[in-house]
Amino acid sequence: MISETLRTWLLGIIAAGMVIGVLYALLPKGRMKPIVHAAGGAALLLVIVQPVLELDFMEFAGKYEDYEREIEELTEAYRQADQEKLAELIADKTAAYIASKGDALGLDCTPQVETQPREGVPYPSAVTLDIPEDAALAAWISEELDIDRAHQYWREADE
């Protein structure tokens, strides 16, 4: 559609230029020549700017608003997806950090970390461990990761 419109516009410019060129060639010398040149230039200018004059600016404004809204929705969706990936990455890295500290304390554990956003950034908020409670690891989690004991979930000793 656009290429056909562009083709028609260019053919119109070429045709107008050819007609004006033939008129200039047939025009005798005299006082009319400058007037005909001005009229021919104005006619050629109108042919060139015709597509701009035919634009529906209200439709263009409506399409712009639609595109702007779509861009905002996509941006929010991408931001949300990035936030979720970041929260997952932080949870995984924090779990690995706790597991390595557990190894250093002689404990074999597989922690699962939950995050909650603080000021738009996901922070570790709770941890579930598959081992009975260990006081040293619990204290370290409280101090290092700022996860209080109420949000540390340990497997019961008899499980």
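I take helices and strands as DSSP runs, numbered from the N terminus, a helix having at least four residues and a strand at least two. The model I am reading is predicted.

**Entry: a loop residue.** I looked up Glu119 first. Glu119 sits in the loop between strand S1 (112-118) and strand S2 (121-128). I checked its backbone: Glu119 has a positive phi of about 55°, yet it is not a glycine. Most residues other than glycine have a negative phi.

**Entry: another positive phi.** Asp146 is not a glycine either, and its phi is positive at about 60°. I placed Asp146 in the loop between helix H4 (135-145) and strand S3 (152-153). With a relative accessible area of 54%, Asp146 is exposed, because the cut-off for exposed is over 50%.

Entry: Which residues form the negative surface patch? I noted Glu65, Glu68, Glu70, Glu72 and Glu73. I followed up on Glu68, which lies in helix H3 (residues 57-104). Glu68 has 36% relative accessibility, so I log it as partly exposed.

**Entry: the whole chain.** I count 4 helices and 3 strands in the protein. Their order from the N terminus is α-α-α-β-β-α-β. The radius of gyration is 37 Å, well over the 15 Å that the globule rule gives for 159 residues, so the protein is more spread out than a compact globule. Along the principal axes, the C-alpha atoms fill a box of roughly 115 × 30 × 25 Å. Of the 159 residues, 19% are buried.

Note on methods
Residues are numbered from 1 along each chain as its sequence is written. This is a predicted model: local features need pLDDT of at least 70, side-chain atom pairs count only at pLDDT 80 or more; totals for chains, interfaces and linings use all residues. Side-chain values use heavy atoms; hydrogens and water are left out. Patches are made of residues with over 30% relative accessible area and no salt bridge: like charges are joined within 9 Å, nonpolar side chains (Val, Leu, Ile, Met, Phe, Trp, Tyr) within 5 Å. Accessible areas come from the Shrake-Rupley method with a 1.4 Å probe; for residues, only the protein chains shown count as cover. A salt bridge is a side-chain nitrogen of Lys or Arg within 4 Å of a carboxyl oxygen of Asp or Glu. Lys and Arg count as positive and Asp and Glu as negative; His and the chain ends are not counted. The place of a charge is taken as NZ of Lys, CZ of Arg, CG of Asp or CD of Glu. Buried means under 20% relative accessible area, exposed over 50%, partly exposed in between (1.4 Å probe, protein chains only). The radius of gyration is taken over C-alpha atoms; the globule rule is 2.2 Å times the number of residues to the power 0.38.
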